[in-house]
Amino acid sequence: MHTLNPDKRKSGISIIGDLPWGSHFCQFYQTKKDLLDIFVPYFEAGLENNELCVWVTSRVLGAEDVKKALKKAVPHFEKYTRNGQIEIIPFSRCHTGNGKPGKVIASMIDEAVSGGFEGLRLACSSCLTDEKPGHIPYGNKDMMGSDSKYGMCPGFSDVISRHNALAVFAYPRDRFDAIGLMEVVKNHRFALVKNAGKWEVLESSEARSVKDALKRSEEKLHSLFSNMSEGFAYHKIVLDDRGKPCDYIFLEINESFERLTGLKGKDIIGKKVTEALPGIEKDSTDWIGKYGKVAMTGKPLQFESYSEALNKWFFVSAFSPHKGYFAVTFSDITERKKYEDALIRAKLEWERTFDSVPDLIAILDNRHRVVRVNRAMANQLGLTPEDCVGMPCYKYVHGMSEPPAFCPHSQTIKDGCQHFSELFEDRLGGDMLVSTTPILNEQGEITGSVHVARNISELKQAERSLIESEKRLNKSQEIAHLGSWELDLTNNRLYWSDEVYRIFGLKPQEFSATYQAFLEAVHPDDRAAVDAAYSSSLREGRDTYEIEHRVVRKATGEVRIVHEKCEHFRDETGRIIRSAGMVHDITGRKKVEEEREHLLEELVRSNKELEQFAFIASHDLQEPLRTISSYVQLINHRYKDRLDGDAEEFINYVVSGTTHMQKLLNDLLSYSRAGSHGEPFKLTDLNSVISKATANLKIAIDGSSAVIEHESLPAVFADEVQMVQVFQNLIGNAIKFRSEDPPSVHIAADMDRNEWVICVSDNGIGINPKYFSRIFHVFKRLHSREKYDGTGIGLAICKKIVERHGGRIWVKSEPGKGSTFCFTIPNRSYNI
């Protein structure tokens, strides 16, 4: 709770300290000085606390004595007097024995509040003078109309305790014996008694018990207001010069007040509402006026209202515990008001919605006659909505002379409950889900129902498919060896699915599962790690864990490998109360992984041997080819004049064949090295790559009048030499396989997700789509060597280079319409 603590008032008496409103105590005096020692500082503290201070004199201390003492002790005494804050009432006016004391005090409190004071502070002297000690007669009315034998009357006490009032009563010490003195003390919160020249506080055992009970009650009340879900605030009303409420001050609020309003106690306690919420005085709700009326009249008030300052709706309950003060409890009903507004809008839109929904809707009376249908229902029956009114639904929908036995409308009319039914009806379009909801009149009598039919033909088909799918899934789980378990930590109960038993080599449900039985099934070498994985996840408060380990099937000794995953579940306090997990037998997968690793190792070794073989073969075959070519050319040179035309032609065939064989061997070597022998990837500007490739092809480009164009190309992480090789092959092919027009090549690049797509387009002879996959294989040619020179390895080399870079290559073409070769390069932000 946040509070200004307005209930705590300074008493002015050091041995007492602060007192809550509603307190009254007494003083036993022997001299006039004793009265002044207590009453004057008590009175002075009340003036400083902006309280209406009333002093009722006695025969011992008259009005003039009181004024004289106060003038001497209280600064600005005359100012307090002019402001009406001081009233000194002679004992002769109060000790008359007439009137009701409660009304007198209530009148004084009203006067205090109306005068703008915090409350009333009263100082009264007893007028007991003639009675002998211990012999005060019953029925004697002393101060303020008391008719109690000892001290203040109950009515007086009740009024003080329920209002912003403090009171001290003075009694002559020599008029009471010990029993009489304690009887007086029992009627007050405590008493001040002078002993050996010092004032002491005297409490009866009854008063202490009441005080302790009151403290416990206050603590409970404070806890209630602090923890209640509704907002609570306590205020003091502020009056203008005409006595009209013009503002109010925040004295106390609870935490829910802060949550619901967004206002913080530290910012508003002690402040006026017009300071805390500027503009509230202009709010149409008239908060100040309403609360002022409650505070001044004491009449409670309940209402709903919208706060413009907070932009929220509240349900407010206001009441006044004391005049001039009011308390408010309230709850935020903004969401409820929004819901109510939504209901109003929904009602206004219902007519339009009724005809817009695709479901077939009919409103039926209790004799099965149609009261109204929506357009979808009318269209399904081939009628207008108006034509449907009055006709029996069973006749026009089902073609029957009376309601069918399965009719949900009949059931609703009979028991007044909502009913559902699934049926197949051709006239409505197939499988239907029908619901009937009762319609009641103001007397609660059933007058009919809302009949809604929804076509669920597709849903029923999906349902049938789902059932089949679930059967297959259950079978698949059994085949996949995937089991589940659940451990109730609160009750220490463990559940295994049938598959868990089978994975552990046991018969399903042959015994009640236990954690110890689980650990016994774990391989001895893995048992400690498995136990630690579970227990540490509990100890460290982790929500999940997973582990792979071995289990030993008890009956056969077979070792299986499983993958376990566990998830913990908590209660509202955050304590783990349940664990659930799965056990997956991955023995087969592990064996496959081991075999795959072995195959990969074998493949790497085989590839290395193949590359080495290709390199050696191509390198070693070059030498005899060069020898054959050299000697054949030497024969041709030396014996040219001695050979006939056939011999010279044969020699040319040999030279041409060896030259082509050398090209094949060189290309084969390039192909074998393309996938593995290359430079490390680095940031490579493809614009520079194109320049180098076209420079290498300058003779072919100039000789064919080819035009090579490219857009601004990106920089990618790649092997620059291999990139030149790719573009040189693709551009070279475009020039080689040109049409009658001069070759035109266009190169562009676009980003697609996280990779660059580079396309090389030409206007050449094109390719038949049925050969798209063939052209990227080694030695696969679409034309004879006599027509188009080459070895048929170029595109295979391009494919191998692109794949080394993590990309793919493809072609788009039609005969006679040119070709576009595209390949991808990943958009990497790091050097591979």
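**Exercise 1. Strand pairing around β14**

F303 stands opposite V316 in β14. The model is predicted, so to speak of local features a pLDDT of at least 70 is needed and side-chain atom pairs count only at pLDDT 80 or more, while totals for chains, interfaces and linings use all residues. Residues are numbered from 1 along each chain as its sequence is written, and side-chain values use heavy atoms, with hydrogens and water left out.

Solution. 
1. Strands (E, at least two residues) and helices (H or I, at least four) are DSSP runs, numbered from the N terminus; two strands pair if DSSP finds at least two bridges between them.
2. Five residues lie between the strands in the hairpin of β14 and β15, where G324 takes a positive phi near 90 degrees.

**Exercise 2. The largest cavity**

Task: Give the volume of the largest cavity and describe its lining.

Solution. 
1. A cavity is a set of points on a 1 Å grid over the protein atoms alone where a 1.4 Å probe fits but cannot get out; lining residues have an atom within 4 Å of a point.
2. Grid points are joined across faces, edges and corners, and a volume is the space filled by probe spheres set on the points.
3. Four cavities of 30 Å³ or more are counted, and the largest has a volume of about 230 Å³.
4. Its lining holds 18 residues, with Y248, F257, W287, Y291 and F330 nearest the centre.
5. Among the elements that give two or more residues to this lining are β14 (312-319), β15 (325-332) and α12 (287-297).
6. Ala, Val, Leu, Ile, Met, Phe, Trp, Tyr, Cys and Pro count as nonpolar, Asp, Glu, Lys and Arg as charged, and the others, Gly among them, as polar; the lining divides into 15 nonpolar, three polar and no charged residues.

**Exercise 3. The second largest cavity**

Task: Which element supplies the largest share of the lining of the second largest cavity?

Solution. 
1. The second largest cavity has a volume of about 180 Å³.
2. L364, C393, V397, H398 and H451 are the closest to its centre among the 18 lining residues.
3. The largest share, three residues, comes from α16.
4. This lining comprises 16 nonpolar, two polar and no charged residues.

Definitions and conventions. On a 1 Å grid over the protein atoms alone, a cavity is a set of points where a 1.4 Å probe fits but cannot get out, and a pocket is an open set with protein on both sides within 12 Å along at least five of seven lines; lining residues have an atom within 4 Å of a point.
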